[in-house]
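Reader: I am new to reading protein models, and I would like to work through this one slowly. Could you take my questions in turn?

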Amino acid sequence: NASADTAPSPALDSSTTQLTTANLAELYYRGAQETLARRTLPDAEAMTHFRKILGAADDAVFTVEEFGRALVSQGDGVLLRIKYHVAGAGYRLFEQLDKVTGYEISAYDLTWSYASVIEAMRIRGNAVSLL
């Protein structure tokens, strides 16, 4: 069957992985940690981009603490999204979330999926301790 031969493989699907999703949370937390540790905001050009990412007004002004909290909040939103999707599976971390249904698919209990969530939570703790 020609159509079966050309059908996309589920393994090649562009579904979201738990690992990269947790890495996004970690990125926000690391940004907060770095900002709070240095006690300085990113430069003006970077802040233009951050305002968009954070959904802030173009002329929004942040203190170091406000910016740090905003980044932590963004990271929390990402981890809460993972939590939302894994709760129905007893909080087991499968490799991917189906891009259409949001259900977990692929390999289950992947060590690096757990490690990425745990590392994000560790960095979050570091960032929050600086607030």
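Reader: Among contacts between residues at least 6 apart in sequence, what share joins residues at least 24 apart?

Author: The model is predicted, so local features need pLDDT of at least 70 and side-chain atom pairs count only at pLDDT 80 or more, while totals for chains, interfaces and linings use all residues. Residues are numbered from 1 along each chain as its sequence is written, and side-chain values use heavy atoms, with hydrogens and water left out. A contact means heavy atoms within 4.5 Å, and among contacts in the protein chain between residues at least 6 apart in sequence, the share that joins residues at least 24 apart is 59%.

Reader: In what order do the elements of the protein chain run from the N terminus on?

Author: Helices (H or I, at least four residues) and strands (E, at least two) are DSSP runs, numbered from the N terminus. The protein chain has 5 helices and 3 strands, and from the N terminus on their order is α-β-α-α-α-β-β-α.

Reader: Within what arc do the buried residues of α3 fall?

Author: The buried residues of α3 are Met47, Arg51 and Leu54. Seen down the axis of α3, they line one face of the helix because the directions from the helix axis to their C-beta atoms fall within an arc of 75°.

Reader: Which residues are exposed on the other side of α3?

Author: What covers the buried residues of α3 includes α4. On the other side of α3, the exposed residues are Glu45 and Lys52.

Reader: Is Leu80 buried or exposed?

Author: Leu80 is found in helix α4, and its C-alpha atom is separated by 9.8 Å from that of Ala25, which is 55 residues apart from Leu80 along the chain. With a relative accessible area of 53%, Leu80 is exposed.

Terms used: Buried means under 20% relative accessible area, exposed over 50%, partly exposed in between (1.4 Å probe, protein chains only).
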